[in-house]
Amino acid sequence: NIPFDFPFWREFKSRIYVCSNGFGIFDPTPATNDWTNSLEELKQRWMVAPFWDDLRTDRAGGVVSTPGVYIDNHSDHVVITWEATRFGASADSVKFQVILYRNGDVKFNLDNATNFQNFTPTLGISKGDNTNYIDITNEKGSQRSWLFTLRKYVDPPPSHAAWGDEEIYKTGTVLKLKNAGPSTIHIVSIW
């Protein structure tokens, strides 16, 4: 259970079903333990997928010494952390998180990994209607963060001159902020 009403695509959610394979879904109609990640499946599910792949959370290896999925509830946010290895190759490991904020923001953190190039994850969020989704799979990289946030400005979106390195996506804007410490933070405006 989420300890607050979480606004996701303008609907309130009070529960998320977390899978060891790197995703959480708000509507448990499809399988909650699916390792066959794809963009097509992402688009059909009401979900957050910080690193959806064929993962194991019961084997240590690489950077993972305490494998598992950990959920920390706070009054204004929920942190879900995965420490996982790739199925069939425990030397391939990854640590990542999704943070759900009371205001509807969603943050993905990809912390550390070994043999990162061996993973084939799907990364993104979706309303599950084949229309409202953001796929950031091609943006994946170790030690990166993305913040999916409610659009807090009016249309049209800000210009390149105002924000610097900006990429337009089908349903939002990705703003890449430089000099954000060891990790680049990507802000994705989605509504």
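Arg 86 is partly exposed, with 24% relative accessible area. In this predicted model, the Arg 86 side chain meets that of Asp 92 in a salt bridge, at 2.6 Å from N to O. Asp 92 counts as buried, at 3% relative accessibility.

The structure holds five salt bridges in total. Another of them links the side chains of Arg 56 and Asp 58, at 2.9 Å from N to O. Arg 56 has a relative accessible area of 19% and is therefore buried, the cut-off being under 20%.

Lys 43 and Glu 40 both belong to helix H1 (residues 39–43). They are three residues apart, about one turn of the helix. Their side chains meet at 3.1 Å, N to O. Lys 43 counts as buried, at 14% relative accessibility. Glu 40 counts as partly exposed, at 44%.

The model also contains an open sheet of five strands. The strand order is E3-E4-E5-E11-E12, and the pairing is antiparallel. Strands E3 (17–19) and E12 (133–135) each have a single partner strand, so they stand at the edges and one side of each lacks a neighbour in the sheet. From one strand to the next, the twist averages 10°.

Terms used: Residues are numbered from 1 along each chain as its sequence is written. This is a predicted model: local features need pLDDT of at least 70, side-chain atom pairs count only at pLDDT 80 or more; totals for chains, interfaces and linings use all residues. Side-chain values use heavy atoms; hydrogens and water are left out. Two strands pair if DSSP finds at least two bridges between them. Helices (H or I, at least four residues) and strands (E, at least two) are DSSP runs, numbered from the N terminus. Axes are lines fitted to C-alpha atoms, for helices over the stretch in contact, and angles run from 0 to 180 degrees between N-to-C directions. A salt bridge is a side-chain nitrogen of Lys or Arg within 4 Å of a carboxyl oxygen of Asp or Glu. Buried means under 20% relative accessible area, exposed over 50%, partly exposed in between (1.4 Å probe, protein chains only).
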